[in-house]
Structures are given as C-alpha cells and as structure tokens.
Amino acid sequence: MEENIETLQKSGRVIHPPAELKAQAYIQDYDKAYKESIADPEKFWDGIAKELHWFSPWHTILEWNYPWAKWFLGGTCNISYNCLDRHVQSPRKNKVAVIWVGENGEERIFTYAELYRQVNKCANALKSLGLQKGDRVTIYLPKIPEQIVAMLACARIGLIHSVIYSGFSAPALKSRILDAESKLVITADVGYDRAKTIALKPVVDEAIADCPTVEKVVVVRREKNGPALSSDKEIDWEDWLTGQSTSCEALQLDSETPLYILYTSGTTGKPKGVVHVHGGYMVGTYITTKYVFDLKDEDVYFCVADPGWVTGHSYIVYGPLLNGGTILTAEGKPDYPNPGRWWDLIERYGVSIFYTTPTAIRLLMKYGEEWPGKYDLSSLRILGSVGEPINPEAWEWFYRVTGSSKPIMDTWWQTETGSILVTPLPCVPLKPGSATRPFLGIEADVVDREGKSIAQGGGFAVIKKPWPSMMRTIHNDPDRYLLYWNTIPGCYTAGDVCHKDEDGYLWFMGRADDVVKVAGNRIGTAEVESALVSHEAVVEAAVIGKPHKTAGEMIKAFVILKQGHTETPDMIKHLQDHVLQELGKIAVPKEVEIVSSLPKTRSGKIMRRVLKAKELGQDPGDISTLDE
Ligand code: PRX
C-alpha cells in the first residue's frame, strides 16, 4: 500500500482554479461553505431540498435510527416531476434536454417538452399493462434514449426500475430479474459495439425462461429487418407507445418511496441490490451536479457513462435533468471509429463540462496528443473523473490536452452513496491524483480499524453521519446493509483504503476488500470464482485483481482442475468463454493460471491476499494462519 501512495502522490503540485471560473462559481469559498454545512448538516440539507418541488413539505428533516435513515419525513415529491414538469412549466420548456449520438452517427435531440411527452406516453403505456406502484421493471437496454425515457416513466408512477448494463450475460441478467421479481423487462433487439451488432433479445429470452414473475417483454427495435416478435408476451416499443396520451400526472410519493434497485458487486458471489429512494436521492444528485460541475443553463454537459451503472443514473439522467441541464450522451467506445471520437463530439456540440473515467483517459493517452490536438476544445470549462483512482500521469495528460486551464473534478463516490461525497469544487485548489475534500454536508474521514480518526496517513475511508442520498437497504438482504455500518464502529465503511495528507486532502487508493475495479467496473472476485467453479473441469478457483496499465486493474484467476482434465491453451480459452457466458465480457479473467494448490487458512478459506502478494512479488505479510 505504501508504495502505491508514493506513486500516486509523486507529482506533489497544487493547481489553483482560474480566477474567472472561481468568480462565476456557485461556491467560491469552500472552507467557509463546508464549515457552515457541517456545523448543522440537517439545516444545510433542509435548505437544499427547498430548492426542489415538493407536493407537500416534510415535518422532520432526518430520522436517524442507527444505521437506518429516513430523510424529509412526511414530505411528498416525485423525482420525475422535478426532472421534467418543473422545467416544462418554465422558460426551459424548449431548451434541449438530451442530445444523443448513436455509434453510427445517428443523432436524436429531445427538448424538455419532447422528453416530457415521451416519458408521459411511456408512463401511460406502463399503466396499460396493469403495473402498480412498487412493482419492479427491469431495463436491459443499450445506451439509447429509451433507457432514459423508461427510467423517468417508471419513477413518474412509482414503479421501481432495475437497470441492468447490457453487457451482462443471460445468467447474470436472470439472477437480477429473479431477485427483483420484475414483472416487466424492457429491452432492445440489438446493441452496437464497434459496428458489430450484438443481439440482446436472445439474452433476455434465455434469462426469462425461468423467471415466473415476468409477464411482458417490451422490445425497442433498432434493426430494420430484425426478427419478428415471437410470443404474446412480447410488445414492440413503438406499438406500445402509439396512441398513448402525452399527459400522465406524476404520482405524489412519500419521500422514502423506493426509486430504483441497482445491482453492484460485493465480496460474495451474489450481487447486491442497492435501494435508493425518491426524496433524499433527488436532493443529493441535484446539489452535487450543481455545485461540483457548476452546471448553468448555458452549459453542454457530456458524461460518458452508461445508465446501466450508477454514474449514468446519477450524472446522466437524474442530477443533470434536475438542474435543467443540456446533456450530451453518446453510444459507443472512445476510440471508435477513431480516437478522435469524443474530442470531435466536444467540438461539434460545444461541450463545456466533460465527465469521464481514468481508464478512458489512459486509453486515449495511448493514441497520443495529436488526436485532441486536431479539435477545438475551447468550449470546455470543467472536467470530471470518476470510478477509480486517477494516477497523476493521466491527470496531467487530461489537463494538458484540454488547455491547461480547466480544473478536473476527481469525484469519489459509490453505487451505495447515490451521489458524489468527496470531490473538489471549481473553487478548490487541486492536487493531481487526489479527490481533495468532502462535499458540503458530508463528514468523510480516514480512520483505523477501531474507528479512530487518523490525523495524517493511511487508513479506511468512512462517512461519519447519514446523508440524504445514501442507500436505504439492500433489496431482500437487510443484513448486508447492516455490514456497511457495523464493520467499523459508528460510521459507514466504504471499503476503500485512503490516505489523508497534511492539508486534509484525501487520496483514495483502491479497495480494501475482495472487489476489483476493471476499467472502473466493479467486479466481486467471488462472483468470478463461482462462475469458474460452475465449469465441469474446475475444482477450485481463486481470483485476484492485478495492476493494469490502462484498465487500472485486471482479473487473474488461479484454477485447480479436476482429475482427468489437463492444462492446454484450449482449456484456458474454454474457462474464459465460460465466464463470458455466465457473467459477461467485463468479468472475463485476462489471465488464467492452472495450479495444483491454493494458499488457505486452516479453516479452509482461500488467502487471496497471499496469492496477490506472490503474484506482485511483494511481502505476503502475516501468514501464520496459512495451512501449508
Ligand atoms: O473504490 C472506489 C472506486 O469505485 C468504488 C465504487 O464503485 P461503484 O459503486 O461501481 O461506483 C463507481 C462510480 C461512482 C469506490 O468504492 N472509486 C469511485 N470513484 C473513485 C474511486 N476511487 C478513487 N477515486 C475516485 N474518484
């Protein structure tokens, strides 16, 4: 760990925000604003919540029954209403809400009024299927506008959406549909990836074969001559919306009404269904988008995430729309059809805020500075990074190629936290590689195992007080929720290792648990292990994360084969394909090593830590519990 800290902190330079940018920003004095917010966080959040529309006010700001929180009790609201109706009733009505660019160059533009109409039609179509408040809807779509429409339509009538990233395979999709007991699945015939057509509908067919709760499947049909729909369960998206009224009143929901379930990986083989609610999540995503990115009406905001992940939920869909922003979203990879793809979009649409990931930056770095150099990037004013630690080298490159004057907001947060918790604001001096300081109203700290604050040095990242956008529970598994608040006494444990420097700046170093971040995607080593052992040739498997130059980390699997099976290049490929079938492309181990034994404790637990140390040529630390 110490070694990583050294590499991350090596640049040591401090970059002050441009005076002009600071002068325009919503928050111009972080220290003062933070101090005030933290003196009385409930008062702070109360004031922020009042910037949004509530059908009826709350009587209690926070009910904190450790570790269960409820915010804005008694208040009624609807996040979809706040994303749409509020703007449609204002001069923003004909402002562009969403610009979508397809991989093939196709463009679709939605004003707030048009998005409102589409969402209302979709909400009415959902109602026409008899779906009722609290029912779950699985959205398994590629990155197309229907994803956004479907999410907002569910929210509008109190349905709970469960968006699944379209790269997941059938068994992974199935387990998530079963856990949520979804009544409806919304999908598309295909997605596109580097001009290849990826069939999605067959994945859904396979997944729902054993999902008794699924009553209907709605299919967005992108291919002109795609296959016909094959059973009465299936409905064409266009037919479904045709004839539906463009008006559908948003339900007035109690602020604690669940908005969505989003599955994320943990330390067991089973993903966790993180539950967020309308009221608190709306307040958190709204204010972080506003203050971190300083989002103004004139901005064009480009976030490269996919709504299949939390960044897409919070910072493509909800946060920016709550602020009445103009959002650019683009299907496809950063280097297809060429490495100028994103720089071209920035020039073409006059993007002023660009939120991306360290992995994408490192990928673009490999193609060289001439690519960004070909485009006019002068419209940019604020940059963002998320999902994994950004190494100073990538940070400096990103800063330099965009003009050396646009501050990078290195935003740290998690699926569970709902919104950004540690981040610079445009007025905060930056240190390349550090997510800097806690967001307003957030008491983040670095502590030891007992929960004692560390004045300076390395430890565990924790949050010491509840915040509005925190997850409320894990669907069907409240005990797993409790673990977050019981691991280190008195606080929420994020699972990250973090270093606090002499100025109180926070440097997130990576996970402290068996979770790997591959290209920013969160993968549980136990999930990959259980996929591997489901292969007929495998007795046992252990999976670790290993540093990787572009992706941050990569997956390496150690596998013990059953008698009668031998190591061949074919076998390794079979095992990789098997994980592809079971989980999806993002979880496939890049390296597979066949071994004859694995390091274990006397009680039989695999010591991944020891494997990792050996693989990286490091000292394995205390191995007194090792069996052999
Ligand atoms: O390890 C941290 C890392 O991503 C984890 C959360 O993953 P997920 O729930 O998939 O959400 C990703 C998008 C918010 C964290 O526990 N992480 C996220 N942002 C950063 C980060 N690590 C370092 N720096 C960041 N800015």
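1. The side chain of glutamate 369 meets that of arginine 400 in a salt bridge (2.6 Å, N to O). Arginine 400 lies in helix α17 (residues 392-401) and glutamate 369 in the loop between α15 (358-367) and α16, so this pair ties together parts that are 31 residues apart in sequence. Arginine 400 counts as partly exposed too, at 41% relative accessibility.

2. Before going on, please keep in mind that this is a predicted model, in which local features need pLDDT of at least 70, side-chain atom pairs count only at pLDDT 80 or more, and totals for chains, interfaces and linings use all residues. Residues are numbered from 1 along each chain as its sequence is written, and side-chain values use heavy atoms, with hydrogens and water left out.

3. How many salt bridges does a search of the whole structure find? The search finds 47, a salt bridge being a side-chain nitrogen of Lys or Arg within 4 Å of a carboxyl oxygen of Asp or Glu. One of the pairs is glutamate 527 with arginine 176, whose side chains meet at 3.9 Å, N to O. Glutamate 527 lies in helix α19 (residues 525-533) and arginine 176 in helix α9 (residues 170-180), so the pair ties together parts that are 351 residues apart in sequence. Both glutamate 527 and arginine 176 are buried.

4. Another pair worth a look is arginine 381 and aspartate 299, with a salt bridge between their side chains (2.9 Å, N to O). The two residues sit in distant parts of the chain, 82 residues apart: arginine 381 is in the loop between α16 (370-373) and β19 (382-386), and aspartate 299 in the loop between α12 (278-292) and β16. Both arginine 381 and aspartate 299 are buried. Elsewhere, a network of salt bridges links Lys546, Lys556, Glu591, Glu593 and Glu615.

5. Now to strand β17 (residues 326-330), which is mostly covered, with five of its five residues buried. Helices (H or I, at least four residues) and strands (E, at least two) are DSSP runs, numbered from the N terminus. In a regular strand the side chains alternate between the two faces of the sheet. In β17, Thr326, Leu328 and Ala330 point one way, while Ile327 and Thr329 point the other way.

6. Which strands are joined to β17? Strand β4 (residues 96-101) runs parallel to β17 and is joined to it by four bridges, while strand β16 (residues 300-303), also parallel, is joined to β17 by three. Two strands pair if DSSP finds at least two bridges between them. Isoleucine 327 of β17 stands opposite valine 98 and also opposite tyrosine 301. Together with helix α13 (residues 310-322), β16 and β17 make a right-handed β-α-β unit; right-handed means that, with the strands pointing away from the viewer, the path from the first strand over the helix to the second runs clockwise.

7. Finally, an open sheet is formed by four strands in the order β21-β22-β24-β25, with antiparallel pairing. Its edge strands, each pairing on one side only, are β21 (444-447) and β25 (506-511). Strand β24 (residues 492-500) is joined to β25 by five bridges, and cysteine 498 stands opposite phenylalanine 508 in β25.

Key: Buried < 20%, exposed > 50% of the residue type's maximum accessible area, 1.4 Å probe, protein only.
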